[in-house]
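Keep the 3D view open and click along as you read.

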Amino acid sequence: MTYRATTYRAAVVRSAHGPVAIEDVPLRDPVGDEVAIDVTACGLCHSDVHFMHGTSGTDFPYVVGHEVAGRVSAVGPNATGARVGDSVVVAPMVPCGRCKHCTGGRPAACAARLLRRPAIPLADGTPGNPVLGVGGLAERVLVPARNVVAIDPGVPPEIAALLGCGVPSGYGAAVNTAEVGPADDVAVIGCGAVGVAAIAGAAAAGAARIIAVDVNAAKLAVAREFGATDTVDASTQDAVDAVRGLTGGAGADVVLDAVGGPATFGVANGMRAVGSRLVVVGAPKVGDTVDLPLRGLFLTGGSIRVSIWGDCVAARDLPLLAGRYLDGSLPLDKYLTGTFSLASAAQGYEQLLAGQVLRSVVLM
Ligand SMILES: [Zn+2]
Ligand SMILES: [Zn+2]
């Protein structure tokens with residue numbers, strides 16, 4: 001199968017806060033270990049917005065989108081493990097399998113996890129930088145074979161796409177990074193897509209109490225459907241006092257900050273129990289800093305951890321999450337707020353920024 005002399009449509013942002021333009025991009029054949037994917041669905045994630053606004057980098061133009069499901073349409077000569085026709089999810093992070101961390105059984109510590117892709121030549125010759133190495137809000141995407149994970153074709157595309165970023169990032173933050181256990185009281189700050197997935201992960205891990213914190217009552221209601229036992233409306237309550245009140249004054253054993261940034265970090269630090277784990281899940285903006293009361297940090301003990309893509313191991317965790325959707329224990333249908341066409345993706349991002357949605361997906 002050859003794609004020469006043809007194009008595909010992709011969402012491109014050429015300047016900070018610039019429009020999301022749907023451009024015709026030249027298509028090439030997969031080379032080396034690449035596979036070509038016919039994208040069936042791509043989720044709209046806040047990380048894209050950071051790039052679109054220039055707060056995660058300024059290497060414009062960007063080809064946005066990184067939460068991708070699709071079908072393998074062609075494979076490069078050295079691609080192994082993926083077959084034409086496979087239903088797949090693109091994993092933006094895959095351990096290299098060769099470094100000292102990978103061979104030592106700590107794949108989440110692999111420094112080479114993040115997918116790095118060459119720029120995508122746009123129609124006018126400008127190199128387009130794929131967001132998180134994927135650039136998958138497009139009809140087609142080319143990625144290395146090791147970055148695709150085959151999943152049960154019974155998972156519909158709009159659900160499969162969710163498994164590319166938001167769901168593993170949150171679920172894994174609770175299960176893999178925080179190592180939530182049955183004795184833990186867990187607080188989750190921010191009940192957007194990632195926070196709600198973290199709540200689902202904490203519930204699956206058998207957490208004693210799961211306290212959802214948000215300023216949006218509708219999001220708190222969804223949080224309950226995914227396993228939150230208590231909710232704190234931070235628009236009317238002091239979140240630190242409320243969490244301490246719900247935990248007999250002790251604070252939470254695990255605090256997951258799914259928002260990211262100085263304000264919520266301070267709140268998260270204020271509500272943690274002695275010996276607890278504070279997990280930074282939401283991505284801070286370039287330039288964010290925090291002042292830490294070092295004496296209090298020392299006396300509280302415990303640890304501050306960072307969770308990137310939920311410290312997931314794609315080949316292990318994505319089929320697991322797909323299975324939990326199919327057996328009904330992870331109700332991702334409730335997670336899906338709406339679907340858009342590629343042409344109306346900009347409208348989807350606007351709704352995301354307005355805080356109106358948990359997760360919207362573009363169907364190709
Ligand atoms: Zn490695
Ligand atoms: Zn994302």
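This is a predicted model: local features need pLDDT of at least 70, side-chain atom pairs count only at pLDDT 80 or more; totals for chains, interfaces and linings use all residues.

## The zinc site

Two other cysteines have a metal to hold. The zinc ion (ligand 2) is coordinated by C45 through SG, H66 through NE2 and C165 through SG, at 2.0 to 2.2 Å. Along the chain, the donors of this zinc ion follow the spacing C-x20-H-x98-C. The two cysteines link distant parts of the chain, 120 residues apart: C45 lies in the loop between β3 (34-43) and α1 (46-52), while C165 lies in the loop between α3 (157-162) and α4 (166-177).

Are these two cysteines, C45 and C165, buried or exposed? C45 counts as buried, because its relative accessibility is 5%. C165 is buried as well, with a relative accessible area of 8%.

## A five-strand sheet

Next, have a look at the open sheet of five strands, with the order β2-β1-β4-β8-β7 and mixed pairing. The edges are taken by β2 (21-26) and β7 (120-121); each has a single partner strand, so one side of each is left without a neighbour in the sheet. As background, strands of a sheet pair through backbone hydrogen bonds, either parallel or antiparallel.

Inside that order, β4 (residues 62-63) and β8 (residues 127-130) run parallel and are joined by two bridges. Which residue in β8 is the bridge partner of Y62? That would be N129.

## Aromatic pairs

Y62 turns up again when you look at the rings. A search of the whole structure finds three aromatic pairs. One of them is F60 with Y62, an edge-to-face pair at 5.0 Å centre to centre, with 70° between the planes.

Another edge-to-face pair is F226 with Y335, at 5.9 Å centre to centre and with 70° between the planes. This pair links distant parts of the chain, 109 residues apart: F226 is in the loop between α6 (217-225) and β13 (230-233), and Y335 is in the loop between α10 (314-326) and β17. F226 counts as buried at 6% relative accessibility, and so does Y335 at 1%. Back at the F60 and Y62 pair, F51 joins in: ring pairs link F51, F60 and Y62 into a cluster.

P61 itself is in the loop between α1 and β4.

Positive phi values are worth a click too. H17, in the loop between β1 (7-13) and β2, has a phi near 65°, a positive value in a residue other than glycine. H17 is exposed, because its relative accessible area is 59%. W309 also has a positive phi, near 50°, and lies in the loop between β16 (303-306) and α10. W309, though, is buried, with a relative accessible area of 6%.

To finish, find A343 in the loop between β17 (336-340) and α11 (345-353). A343 counts as exposed, because its relative accessibility is 61%. How far apart in space are A343 and A11, which are 332 residues apart in sequence? The distance is 8.7 Å, C-alpha to C-alpha.

How values were computed: Residues are numbered from 1 along each chain as its sequence is written. Chains are lettered from A and ligands numbered from 1 in the order in which they are written. Side-chain values use heavy atoms; hydrogens and water are left out. Donors are N, O and S atoms within 2.8 Å of the metal (3.2 Å for Na, K and Ca); water is not among the atoms, so sites may look incomplete. Helices (H or I, at least four residues) and strands (E, at least two) are DSSP runs, numbered from the N terminus. Buried means under 20% relative accessible area, exposed over 50%, partly exposed in between (1.4 Å probe, protein chains only). Two strands pair if DSSP finds at least two bridges between them. Rings of Phe, Tyr and Trp (its six-membered ring) pair if their centres lie within 6.5 Å; planes under 30 degrees apart count as stacked, over 60 as edge-to-face and the rest as tilted.
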